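Please read these notes beside the model.

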Amino acid sequence: MTNLNDCKIITLKKIADKTRGNLTVAEQAIDVPFEIKRAYWIYDVPGGESRGGHAHKSLRQLLIPVSGSFKVVLDNGAEKKEVLLNHPWEGLLIVPGIWRTLEDFSSGSVCMCLASDHYDESEYIRDYGEFKAIYGK
Ligand code: TYD
């Protein structure tokens with residue numbers, strides 16, 4: 001079973017400028033504990049819809065609410081934990097073996113995901129029963 005505490009908030013550098021606005025940066029090895037091979041972002045999520053609903057066998061991800069907010073429900077097969085992401089300078093590291101659901105997107109919110117590998121459907125687990133059988137013990 002994967003330890004839920006291995007999924008943690010990573011605080012990124014915030015360069016504040018009262019006149020011109022803020023800037024946040026995520027650098028491989030400095031802030032992000034994996035080699036970044038892919039970035040994608042989720043946006044225009046209609047009210048009441050959720051994303052995710054799967055686990056990864058090997059992928060590591062950092063989810064960053066670059067605009068707005070959303071909730072992430074993390075599930076290791078035995079316990080669940082909810083994390084609200086609502087600061088663009090904070091990302092949530094999600095390790096392999098965690099079933100995750102993204103919910104409660106605020107209007108206009110954008111979730112950026114930095115990922116440790118290229119897209120590979122074969123390393124997804126999309127069936128909750130299969131997930132429980134592999135990781136829930
Ligand atoms: P999925 O990972 O299931 O999205 P979410 O977890 O946000 O609900 O992906 C949705 C669809 O997009 C699915 O058909 C696979 C495709 N996809 C790609 O082609 N490349 C990618 O990098 C990602 C993340 C998804």
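1. The largest pocket holds about 200 Å³ of space. A pocket here is an open set of points on a 1 Å grid over the protein atoms alone, where a 1.4 Å probe fits, with protein on both sides within 12 Å along at least five of seven lines. Its volume is the space filled by probe spheres set on the points, which are joined across faces, edges and corners.

2. This is a predicted model: local features need pLDDT of at least 70, side-chain atom pairs count only at pLDDT 80 or more, and totals for chains, interfaces and linings use all residues. Residues are numbered from 1 along each chain as its sequence is written, and side-chain values use heavy atoms, with hydrogens and water left out.

3. Strands are DSSP runs (E, at least two residues), numbered from the N terminus.

4. The lining divides into seven nonpolar, three polar and three charged residues. Asp, Glu, Lys and Arg count as charged.

5. Now the ligand. The residues around it (a heavy atom within 4 Å) are R38, Y40, I42, R51, G52, H54, Y119, Y124 and R126. An N or O atom in the side chain of R38 is 2.5 Å from a ligand oxygen. For H54 the distance to a ligand oxygen is 2.7 Å. For R51 it is 3.1 Å.

6. Strands pair if DSSP finds at least two bridges between them. β4 and β11 pair over five bridges, antiparallel. Within this pairing, I42 stands opposite C111 of β11.

7. Another open sheet of five strands runs β8-β7-β10-β5-β12, again with antiparallel pairing. β8 and β12 (124-125) are its edge strands, each pairing on one side only. Two bridges link β5 and β12 in the antiparallel sense. H56 stands opposite Y124 in β12.

8. Last, the hairpin. β7 (residues 70-75) and β8 (residues 80-85) run antiparallel and are joined by six bridges. K71 stands opposite L84 in β8. Four residues lie between the strands, and G77 in the turn has a positive phi of about 100°.

Definitions and conventions: On a 1 Å grid over the protein atoms alone, a cavity is a set of points where a 1.4 Å probe fits but cannot get out, and a pocket is an open set with protein on both sides within 12 Å along at least five of seven lines; lining residues have an atom within 4 Å of a point. A polar contact is a pair of N or O atoms within 3.5 Å; within protein, one must be able to donate a hydrogen and the other to accept it, and residues adjacent in sequence count only if both atoms are side-chain atoms.
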